[in-house]
Amino acid sequence: MPFGEVVCGAPGSGKSTYCYGKYQLFNALKRPIAVVNLDPANDNIPYPCAIDISSLITLEDVMETHGLGPNGGMLYCMEYLEANFDWLEERLKELGPEAYVLFDLPGQVELSTNHDSVKNITQKLVKGGFRLAAVHLCDAHYITDASKYVSVLLLSLRAMLHLELPHINVLSKIDLLTQYGELDFNLDFYTEVQDLTYLENTLNASLPPKYAALNMAMISLIEDFSLVGFETLAVEDKNSMLHLMRVIDRANGYVFVPPPDAPLPPGTIDESKAPPSARPNMFGLLSSVAGPMQAPGSDVRDIQERWIDYRDIYDAHERKEWRKEGEMLRDEAARSKSGNDKPPSKIRERKPKQ
């Protein structure tokens, strides 16, 4: 059964960067992954692309042929892809039934909030056997301004209601948050979205008084649905990527089991040929997937401490650990080059008694 993610979000939210980071992470973990580019205007694709919509249609050709602008041309491209869904379906079958696919969508927000083509395409994929989760990226700097934060909440809520998929909202570029000023509240206030009435004073101070009733109406709308919440993401941080990977795996039901021919970790006993009753059961793996999140990066207070309160201290510690790791790798390379793979023993050999 194939699994996958529909990666959506506004322009500049980091969708392609996220797809490339996830491609690198999955290759390091020996997990299968394929990235599908569904943005016909994306000329600079950083990741190896398994399927590219530009081989079917490009935004430039549509604009020249039909005299459309960028937004209208993008909607036409998505409608064209929906009408030629068999083209995408045939190429997805070539990836195999065990594929994990990232669908990198264009940045036009109307595609994931009110236009039907992307919704219809995802529904056809689900009917075809795909287990999908929507990953909606929002630039974290929006939470530094109360009015922008409310607009992001409304956008995320609209995308959740429109796509009708298991949905993960993500504050991307959390590592750059300190560049945009201080937050009015702690980070967990923005990620958990519990009591937005605390934003009333901030909104009324930054906007004319005539918008006060509208501000409270929008806040009440978001709280009435009580659906929106956010995870955080720093693409270059391993713990952040691993935590988000586990959250998405829970959303689409993916449990990664290494194949029988996968190399075993050092010191592991090979039980692949043992009878089923004697093999290590899968209870530990499944319970770890369904159990509480306890890995680094799972607590938003740790994220606040890492990227906002004590970032300089954490950065200095990481640089120190990277230097240690570099020195260790350099020493191992030197020993391999000299033909002695084992580190020199500190214990002298005993001389035989005379």
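User: Before we start, what kind of model is it, and what goes into the values?
Analyst: It's a predicted model, where local features need pLDDT of at least 70, side-chain atom pairs count only at pLDDT 80 or more, and totals for chains, interfaces and linings use all residues. Residues are numbered from 1 along each chain as its sequence is written, and side-chain values use heavy atoms, with hydrogens and water left out.

User: Which residues touch the most other members in the largest nonpolar core?
Analyst: Val36, Leu88, Leu92, Phe103 and Leu125, out of 30 residues. A nonpolar core here is a set of buried Ala, Val, Leu, Ile, Met, Phe, Trp, Tyr and Cys residues joined through side-chain atoms within 4.5 Å; buried is under 20% relative accessible area, with a 1.4 Å probe and protein chains only.

User: What does Leu92 touch?
Analyst: Leaving out residues up to four places away in sequence, Leu92 touches Val36, Ile51, Val101, Phe103, Leu125 and Phe130 (contact is heavy atoms within 4.5 Å). Apart from this core lies another one of 29 residues, including Cys138 and Leu177.

User: Switching to holes: how many cavities of 30 Å³ or more turn up?
Analyst: A search of the whole structure gives 2. On a 1 Å grid over the protein atoms alone, a cavity is a set of points where a 1.4 Å probe fits but cannot get out, a pocket is an open set with protein on both sides within 12 Å along at least five of seven lines, and lining residues have an atom within 4 Å of a point.

User: What lines the largest cavity?
Analyst: Val6, Leu38, Phe103, Leu105, Val118, Ile121, Thr122 and Leu125. The volume is about 50 Å³, taken as the space filled by probe spheres set on the points, which are joined across faces, edges and corners. By type the lining is 7 nonpolar, 1 polar and no charged.

User: And how does the lining of the second largest cavity divide?
Analyst: Into 5 nonpolar, 4 polar and no charged. Gly9, Pro106 and Ser112 are among the lining residues, and the volume is about 30 Å³.

User: OK, the second largest pocket. Which residues lie nearest its centre?
Analyst: Glu236, Asp237, Arg306, Glu318 and Trp322, from a lining of 16 residues. That pocket holds about 450 Å³ of space.

User: How many of its lining residues are charged?
Analyst: 11, alongside 3 nonpolar and 2 polar. Asp, Glu, Lys and Arg count as charged; Ala, Val, Leu, Ile, Met, Phe, Trp, Tyr, Cys and Pro as nonpolar; the others, Gly among them, as polar.

Technical notes
Buried means under 20% relative accessible area, exposed over 50%, partly exposed in between (1.4 Å probe, protein chains only).
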